[in-house]
Amino acid sequence: MNYSNRHNAVRRILVEQKLDALIFFGMTNVRYLSGFSGTDGVFLCTLSETVFLTDSRYTTQAQSQVQADRILCYSNKLLSIADEFESLMVKRAGYDADAISVALFNKLTESVSSCEFVACSHELESLRACKDVDEISLLRQAANLNRQAFDSILPSIAPGVSERSVALNLEFALKKLGGEENSFDFIVASGVRGALPHGVASEKTIQDGDLVTIDFGTRVGGYCSDETVTFGVGNVSGKLRQIYDIVLEAHDSALHSVKAGMEIAALDDIARSYINQQGYGEFFGHGLGHGVGLDIHEYPSVSSRSSDCLQEGMIITIEPGIYVPDLGGVRIEDSVIVTDSGYEVLTSIPKQFMQIN
């Protein structure tokens with residue numbers, strides 16, 4: 001990982017916002033900027049220096065992982081930050097406002113009363129928005145594990161098997177292949193539960209004629225995979241089959257439109273308008289997708305509310321869905337890289353309709 005490039009990106013924000021320092025409390029940002037994968041630490045960046053602070057539990061880990069000019073071990077986080085601010089003569093500091101509680105912020109301002117703190121949120125979105133070659137390599141590896149694990153458990157899916165069993169088998173397969181941990185709680189929703197966009201796996205058993213939606217992912221080097229497949233078990237009713245084809249067309253149309261410079265809201269509209277035209281607009285309530293990286297949901301949000309444009313190097317999901325109460329649902333999702341000429345699909349499970357007999 002080229003951490004010096006990341007530090008320089010922070011320094012550009014310092015200059016733009018007229019800040020003496022930026023301090024990061026959110027562990028995802030801390031990991032992105034330092035390489036630290038523990039659960040407690042702070043990253044501080046000035047125009048001339050980077051400092052990583054953590055407690056004694058992580059002294060050895062920090063020495064082996066962290067990329068910073070100095071690594072400090074604290075017994076009291078806020079007092080240590082105050083000492084550093086005084087030493088570095090920080091008078092105006094930005095902080096990652098989305099990652100800090102009001103309680104911690106109040107304690108911070110009490111401990112460092114001589115400093116003006118500036119909330120940074122939108123200003124920091126650019127830091128992790130576009131992935132470098134090392135990040136894309138890890139995201140690609142994670143996506144490849146999805147395909148291998150899904151292929152390995154597919155023969156075990158049949159009527160009478162519980163959603164929970166499918167989720168556990170998939171988790172075991174991913175970890176056996178080298179996945180670190182789940183990107184999120186797996187969704188396995190069959191039959192009428194397919195109408196639940198976040199239908200986490202239950203004890204319900206899969207029945208003949210069910211559509212089954214599986215939304216899953218793992219992590220490699222901290223980076224997430226995210227993919228959703230929907231398929232039939234036995235003979236699926238004509239209406240559900242029709243819904244599948246509508247969602248697939250919406251997915252494919254949006255996917256083939258991805259390119260750098262495109263308005264994100266316009267991309268969302270391609271899928272949403274088609275689903276609307278087919279009479280199912282009220283059953284597609286979420287955005288078309290989201291960014292993926294160290295967090296499973298990160299900037300950009302791919303929705304009608306976005307005022308941003310796609311940029312080369314962004315990793316986004318394309319995941320339209322239709323969810324009809326008391327009937328079932330379909331979601332089809334791929335993760336894609338935005339390129340200068342269009343897109344590259346990271347995930348690789350085929351999305352054409354599949355039926356298990």
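A: Happy to! Let's start with the aromatics: F150, F184, F186, F216 and F231 make up one aromatic cluster. Keep in mind that this is a predicted model.

Q: Nice. How many aromatic pairs are there in the whole structure?
A: A search of the whole structure turns up 13. One of them is F36 with F52, a tilted pair with 4.8 Å from centre to centre and 55 degrees between the planes.

Q: Where do F36 and F52 lie?
A: F36 is in the loop between α2 and β2, while F52 is in strand β3, so the pair ties together parts that are 16 residues apart in sequence.

Q: And are F36 and F52 buried or exposed?
A: Both are buried.

Q: How many residues of β8 are buried?
A: Seven of the seven, so β8 is largely enclosed by the rest of the structure.

Q: Which residues go on which side of β8?
A: D210, V212, I214 and F216 are on one side, with L211, T213 and D215 on the other, and all of these are buried, which leaves both faces covered.

Q: Which way do β7 and β8 run, parallel or antiparallel?
A: Antiparallel, joined by four bridges. In that pairing A189 stands opposite T213 of β8.

Q: What about β8 and β11, how many bridges there?
A: Seven, and β8 pairs with strand β11 (residues 227-233) in the antiparallel sense. Here L211 faces G232 in β11.

Q: Switching topic: what's the strand order in the six-stranded open sheet?
A: The order is β4-β3-β2-β1-β5-β6, with mixed pairing. β4 (70-74) and β6 (116-120) are at the edges and have a single partner strand each, so one side of each has no neighbour in the sheet. On average, neighbouring strands of this sheet are turned by 25 degrees against each other, ignoring direction.

Q: And how do β1 and β5 pair up?
A: Strand β1 (residues 21-24) and strand β5 (residues 92-96) run parallel and are joined by three bridges. L22 is opposite G94 in β5.

Q: Which strands does helix α1 touch?
A: Helix α1 (residues 3-17) packs on the sheet and touches β1, β2 (42-46), β3 (50-55) and β5, with its direction at about 60 degrees to that of β2. Helix α2 (residues 27-34) lies across β1, β2, β3 and β5, at about 55 degrees to β2.

Q: Now α7: what span should it have, and what does it have?
A: At 1.5 Å a residue, the 21 residues of helix α7 (residues 133-153) should span 30 Å, and the end C-alpha atoms are 31 Å apart, which agrees. At the start of α7, a side-chain oxygen of D132 comes to within 3.1 Å of the backbone nitrogen of D134. The buried residues of α7 include I136, L139, N146 and F150, and F150 also belongs to the aromatic cluster.

Q: Same check for α9, what span there?
A: Helix α9 (residues 238-255) has 18 residues, which at 1.5 Å each should span 26 Å, and the end C-alpha atoms are 26 Å apart, so that agrees. Among its buried residues are L240, Y244, H251 and L255.

Q: Where's S257?
A: S257 is in the loop between α9 and α10 (264-277). Its relative accessibility is 22%, so S257 counts as partly exposed. Leaving out residues up to four places away in sequence, S257 touches M262, L267 and I270. S257 and I270 are 13 residues apart in sequence and 8.4 Å apart in space, C-alpha to C-alpha.

Q: Last one: is S306 buried or exposed?
A: S306 is buried, with a relative accessible area of 16%. S306 lies in the loop between β13 (298-302) and β14 (315-318). A polar atom of the S306 side chain is 3.1 Å from the backbone nitrogen of D308. Not counting residues up to four places away in sequence, S306 touches I264, A265 and S301.

Notes
Residues are numbered from 1 along each chain as its sequence is written. This is a predicted model: local features need pLDDT of at least 70, side-chain atom pairs count only at pLDDT 80 or more; totals for chains, interfaces and linings use all residues. Side-chain values use heavy atoms; hydrogens and water are left out. Two strands pair if DSSP finds at least two bridges between them. Helices (H or I, at least four residues) and strands (E, at least two) are DSSP runs, numbered from the N terminus. Axes are lines fitted to C-alpha atoms, for helices over the stretch in contact, and angles run from 0 to 180 degrees between N-to-C directions. Contact means heavy atoms within 4.5 Å. The expected span of a helix is 1.5 Å times one less than its number of residues. Buried means under 20% relative accessible area, exposed over 50%, partly exposed in between (1.4 Å probe, protein chains only). A polar contact is a pair of N or O atoms within 3.5 Å; within protein, one must be able to donate a hydrogen and the other to accept it, and residues adjacent in sequence count only if both atoms are side-chain atoms. Rings of Phe, Tyr and Trp (its six-membered ring) pair if their centres lie within 6.5 Å; planes under 30 degrees apart count as stacked, over 60 as edge-to-face and the rest as tilted.
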